[in-house]
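Hello,

Here is the structure I promised to pass on to you. Please have a look at it first, and then read on for my notes.

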Amino acid sequence: MSLEARTQTLGQALLAATRPGRSLLAQMREQLQWDEKLLAWAMEHPGLRTQLFRLIDTLPALTGSGEISRHMQEYLDQPEVELPELLKHLIHFTGRESLAAKTAAQTLTTAVSTLARKYIVGENFAQVRHTLERIRRQGMTFTLDILGEAVLSETEAQGYLQKYLDLMTQLAGVDWGCVPQVSVKLSAFYSQFDPLAERTTRIRVTQAVTQLLRKAGELGVAVHFDMEQYKYKNLTLAILQEVLLADEFRSRTDVGLTVQAYLQESEADVRELVDWVKSRGYPVTVRLVKGAYWDQEVIWAQQKHWPLPVYRRKSSTDANYEKLTRLLLENHRYLYPAIGSHNVRSQAHALAVAEALAVPLSAWESQVLYGMAAPLAKALVERGYQVRMYCPYGELLPGMSYLIRRLLENTANTSFLRQRLEKTDESALLAPPAWAEPTTPLPQIESFVGTPDTNFAEPGKPEQFLAAITQVKSQLGQTYVLPHCSTERLLDSVNPSNPTEVIGRVGLADATSVQQAIDLAQKAQPVWRQTPWQQRMDLLLKIADRLAAQRPEWVAWMALEVGKPIREADAEVSEAIDFCRYYAQMAEQLERGHNYDVWGETNRYRYQPKGIGVVIAPWNYPLAISVGMVTAALVTGNCVLYKPAEQSSVIGCKISQFITDLIADLGLPAGVFQGLPGWGEEIGPLLVTHPAVHFITFTGSRQVGCQIYAQAAQLVPGQTHLKRVVAELGGKNAIIVDASADLDQAVQGVVQSAFGYAGQKCSACSRVIVLESIIQPFVERLWAATASLVIGAATDPATTVGPVIDAVAQERLQTAIAQAKQRLTLVGERPAPAMGYFVGPTIFTDVPPDDPLAQEEWFGPVLAVLRVADFDQAVQVANGTDYALTGGLYSRTPSHIQRAAEELACGNLYINRGITGALVGRQPFGGFKLSGVGSKAGGPDYLLQFVDPKVVTENIQRQGFAPVAEEL
Ligand code: NAD
C-alpha cells in the first residue's frame, strides 16, 4: 500500500474514532454554556471575533463589574460588530451599576474563566496534580509549561527560573509512573535576550540553563526547550547546542528542542540538528510543531521590511510539516521525534511514515496541547501510540495571552480544528497538503517603502558591525579641515563613553569663513536653481546609496562620537537614507506643480527655490537630522550652509565631505553645499543674521531656537526678503498608562522610550502619568526593568544605555538629580560607570505636575512618574506643559483611545507602543506649541517650506483665437 493510501486509512480510522454525533458547531451554538456560544459566534462573525478577543485580552486588567460591563459595551456595541440576539440582549443595559450590567459582567467573566480552564491545567499544584493524574490514567505522558507575564527584568527572569526549580521539585515528589517533563522558554531566562548582545545573552542564559538542567538531572525530571519568535531562533539553537555538548550534559537524553515547520529555514535547521546530534552521540527529543506566532511574524516582517520568515500559506506549512516529519522519523536512531499537531491528517501521515520506516513505537511520540484535541489523543493511545500532552499551568490572568493564542488558532478559517467543526466532508480534511506558496511579492500598502534596518538575528550581522567599529577605531584622532575653516583653531571631539579617546580634531569656521562660504553660495545659486529637478533628485538618491553602502561605518562613527548604541545608530542610518529617498519622491510632486488652466488662459502654479539656506543641526541625530534638513533644502534648489553641532563635528565633517564630493562629481559648483563646523554661539548668529540668507532650518534646544526665530525676524541692511525659520525644538513628552493597560507592554514601552539613547532623543518619554489604581505594580515593574538595563560603552553590543553626550550634560544632570532628591521621592537611581560621561537611569515618583522635573526638558535618563486619580486628570496633566512634541497612551479602553487622539496636545501620538523611532513617510515627525515651528520632517508638507510658490498666468488668446476642444 502506498504511503498516501496508508495515511488515508489511518486518518479515516482516527477521524471515525473521534467523530462527533453531529456538527460540533451546531452543538456549540445550542449549548447553554456561554463559553461555547462565544466561541461559536466568534467563528461565525469575523467582526465580533476581533472585538471579542480584544475584550477578553483586556479582562484581566478590569476590576469590578462596572468596569467590565462598560468595556463590554465599548467593545461590542459597535455598528461594525454583528451581534447575535442573545449577546445584544446581554449588553443592552443602562447604568453601569445596574443589576443587568452586573449580570452581563458576571456572565462574561464566568464564560472566559471556563474557557481558560479548558486550556490551562490548573492554577496551583494541587489542581495540576489532579489533572495530570487523570492524563496519566488515560495512558498519556505530559509536559508542563508555566504561563507567565513577559520577563522584563532580571528579578522576573530569576523568578521564572525559580518557579521551574520549585515545580520540578514538586513533580519529583509524585510517582507518575513516567518521567515528568517541563517545557521552558529560553528568552525568559534573560530579560535583555538579544541576538545583537550575543555574548552576554549566551553567558546569562547558559548559567540559567545549567542550573535548571543540573537540578532536573538530580530530580529525574526531563526538560524540553520551546521555540518562540523567529528573532530568537538562531541564538536559542546555538545556546542549546553548546550547552548540550558540554561534558556535564552531553550524555543527557532527557532533553529536547523544538522546530517550527512554518519557518522557511526549518528544513535546513532540522538537517543541521541531525548532524549535530549525530556528532553529539546521544539522542535528544526534537519536537516538531507548526508554529504559534504566525500573525506576529508576518506583521513584524512587514513592518520592518524584512523577508518573511514563515510560509505564507497554511497548506505550505502543512506540506513542509510532512516533509520534516519524515526527515525526523528517518533519523530516529539519532534523535527522538515528537510530532506535535492536532491535525488528524498530520498525525496520520506521521503514523504511516513511522510504519513504513519500521520505527518502533517507543522511538517516537505524538504530542497535543491540553484542551485542544482530547479525542484524537485518546484514539492514538488506544491504538498503542505514545502521546504526550502539553499542559500550560498558571494563573488565569497571566495566562490570558496564551488563551488568546489558542482562541485565535481554534477559530481561524485555516485551522484544522475549525474545519473539523464545520466540515462533514472527511476526504477534504484528509487531503494531502498542497505546496501553495505564491511567487508574487507580498501586497504593498505603503506609498513610501523605507529602507530596512539591519536584522541582527541574521547570522554574521553583529560581527560585521563589530568589525566596522574596530576598523573605524583605527582612524581616530585625525584632523579634518573643511574649505574656509581654520587649520589652527581646532576642536577636539571625544568619545563620551571614553573621553580620553579623541575621535578627531576639526578645524573651526569663523566670521571670515562664513563670509567666504556665503560668497560662494551666492555664485552657485543661479546655477543650482537652474539645474533640472531630476538632477537634484538624483543627487539625493546618490547620497542615499552611498549611505547604504557604508552603513556599518556610519554606525561605528555614531557609536564612537555621540555614544549611540549600535541598534539605534543602525536605525538612524536607515532614517538618513529614507529622508533622501522620500524627499526625492516628494520633489517629483513639487516639480509638477499645479495647473489651473481655463479656456484661453493658462495658470501655472510652480515652486521656485528660496535661495540660500542655513542648516543648524543637533548632535543627537548627527546623521539623520543633518542629512534630512540638508537634502530637503538642496532638492528644492537652494544652496546650503550646514553647521553641524560641536559634539558631532567629525560626523558633520564626514557628511560635508561626502556630499561635497558627490556635487563635484556632478560638475556642479562647490557653493551648492558647504559644511561649516564651528561654535554655535560664534558663527550661529553670523549665519542667521546674514542678509544673503533666506531661511534657517534648525533642530535643537528651545533656548537657541527662540533666539534664532527672533534674530531672523530682524531686517538687516542689504536684506531684501523676510526669512523663514523652521525650528524643531524640545519636548516634555508624556505617556499615560491607564488602568486597562497591558502592563507588560506599558513597562517595556516606557523603559525603551525613556532610556533609549540615555533619554537624549527629542521624542524621549520623560513623564509617565499613571492611574492611581495601578501605580504601585507599574512602578515596581518599571524599576525592576530599568534596573536590568545594561549600562556601558555604546560600542558594546550588550549596551542598552550608553553615556550622555558630554561633561557639561553629565554635570547638569547630576546636579539636577541631586537637587530633585531633596524634594521628590526617588524610586531608584542606577549606579553609573566611573569612566565616561555616564548618568545612571533614575526614576522619581509622585512628582507634582508643576515640579521642574515635570516641566523642563532635562535631556537625559531621568523619568518622572506622576500619579493621577482618573483619565480626565491624566489628559489635563499631559497637556500641562509648554511643549507638544510626542506623547503616548497605554490603554485598552476604546473611549480613552479616542479621547487621547482628540485631546492630547502633541505632534506625534503613539497608542500602545513606544513613543520614539518615528519613521520617515510613516510617522512624519514634529511638534507644535514650544516644540517648534514648521511642518513635519519626513512628511508630505516639509519641502514646501523651502520654496516660494509662483503663479504664471498667460492669456493665450490672440485676436479672439485660442485652441478650444473640438466637441465644444
Ligand atoms: P542646541 O540648541 O544646544 O544645539 C543645536 C545646534 O545649535 C548646534 O549645532 C549648536 O552649535 C547650534 N547653536 C548653539 N548656539 C547657537 C546660536 N546662538 N545660534 C545658532 N546656533 C547655535 O541643542 P542640542 O543640545 O544640540 O540638541 C538637543 C536639543 O535638540 C533638545 O532640546 C532636543 O529636544 C532638541 N531636538 C529636537 C528635535 C526635534 O525634531 N524636535 C530633534 C532632535 C533634537
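Two strands count as paired if DSSP finds at least two bridges between them. Nine bridges link E13 (residues 601-609) to E29 in the antiparallel sense, and Arg-604 has Val-952 of E29 as its bridge partner.

A word on the source: this is a predicted model, in which local features need pLDDT of at least 70 and side-chain atom pairs count only at pLDDT 80 or more, while totals for chains, interfaces and linings use all residues. Residues are numbered from 1 along each chain as its sequence is written, and side-chain values use heavy atoms, with hydrogens and water left out.

Now the overall layout. The domain assignment, whose bounds come from an automatic or database source, gives domain 1 (26-115), domain 2 (121-395), domain 3 (461-729) and domain 4 (733-930). Between the C-alpha centres of domain 1 and domain 2 there are 34 Å.

There is also a hairpin, made by E10 and E11 with two residues between them. E10 (residues 490-495) and E11 (residues 498-507) run antiparallel and are joined by six bridges; Val-494 stands opposite Val-502 in E11.

Another open sheet has seven strands in the order E21-E22-E23-E20-E19-E25-E26, with mixed pairing. E21 (825-829) and E26 (908-911) stand at the edges with a single partner strand each, so one side of each has no neighbour in the sheet. On average, neighbouring strands of this sheet are turned by 20° against each other, direction ignored. E25 (residues 886-890) pairs with E26 in the parallel sense over four bridges, and Gly-888 stands opposite Tyr-910 in E26. Helix H33 (residues 871-878) lies across E19 (733-737), E20 (765-771), E23 (862-868) and E25, and runs at about 165° to E20. Contact means heavy atoms within 4.5 Å; axes are lines fitted to C-alpha atoms, for helices over the stretch in contact, with angles from 0 to 180 degrees between N-to-C directions.

Finally, the ligand. Of the 29 residues around the ligand (a heavy atom within 4 Å), Ala-617, Glu-646, Ser-701, Leu-729 and Glu-857 come nearest. For polar contacts (pairs of N or O atoms within 3.5 Å), a polar side-chain atom of Trp-619 lies 2.9 Å from a ligand oxygen atom. An N or O atom in the side chain of Lys-643 is also 2.9 Å from an oxygen atom of the ligand, and a polar backbone atom of Leu-729 is 2.7 Å from a nitrogen atom of the ligand. The protein covers 91% of the 840 Å² of accessible area (Shrake-Rupley, 1.4 Å probe) that the ligand has on its own. Helix H27 (680-689), strand E17 (695-699) and helix H28 (702-713) each give two or more residues to the shell, with H27 giving the largest share, four residues.

Best wishes

Note on methods. A polar contact is a pair of N or O atoms within 3.5 Å; within protein, one must be able to donate a hydrogen and the other to accept it, and residues adjacent in sequence count only if both atoms are side-chain atoms.
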